[in-house]
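Colleague: Could you take me through this model? I would like to begin with the charges.

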Amino acid sequence: MPTFQVALIHTMPFPNNLSALLFQMQNRLGMYINPPTLPSLMNFISGYTMATRCHHIDEPDTLRPFHDFVAQQLGYAESTAGFANMILAYVCGFRPSDIDWPDFLSHPISAQQHAQAVELFYQLLQAYQTSH
């Protein structure tokens, strides 16, 4: 009877909070969400947050202040549109000082703009983590 050897598989450490998970996902985002866009990532974050609440997992909502941080960094007067919309609008060339949200929301977004928005999201998230 043949003998088989089992090779050890390198596994990533299990993230212990949402921020750690987001940074783990960064280099292989398409493996976690499809399409790998900021709106999809926002949906993932919303689902993660809902799951922690439904299962009574005590994890602070560390991204709640991130909306205000993004607004401040990008020059928006307020953060009510949410960080995903603010970042996408910024990447698409809409000026924060006079943005017309219905106009932005009807604007087509290219794959390149989606990729730029994801990159900017991670830059802002890193800056936020460093400052808090």
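Modeller: The protein carries 4 positive and 9 negative side chains, and the centres of the two sets lie 6 Å apart. Lys and Arg count as positive and Asp and Glu as negative, leaving out His and the chain ends; a charge is placed at NZ of Lys, CZ of Arg, CG of Asp or CD of Glu.

Colleague: Where do these values come from?

Modeller: This is a predicted model, in which local features need pLDDT of at least 70 and side-chain atom pairs count only at pLDDT 80 or more, while totals for chains, interfaces and linings use all residues. Residues are numbered from 1 along each chain as its sequence is written, and side-chain values use heavy atoms, without hydrogens and water.

Colleague: How many helices and strands does the protein have?

Modeller: There are seven helices and zero strands, taken as DSSP runs (helices H or I, at least four residues; strands E, at least two) numbered from the N terminus.

Colleague: Where is Leu-63?

Modeller: Leu-63 sits in the loop between helix H3 (38-54) and helix H4 (64-74).

Colleague: Is Leu-63 buried or exposed?

Modeller: Leu-63 is buried, at 4% relative accessible area; buried means under 20%, exposed over 50% and partly exposed in between, with a 1.4 Å probe and protein chains only.

Colleague: Which residues is Leu-63 in contact with, leaving aside neighbours within four places in sequence?

Modeller: Those residues are Leu-18, Leu-22, Ile-45 and Leu-125, where contact means heavy atoms within 4.5 Å.

Colleague: And what does the C-alpha trace span along its principal axes?

Modeller: The trace spans about 75 × 35 × 30 Å.
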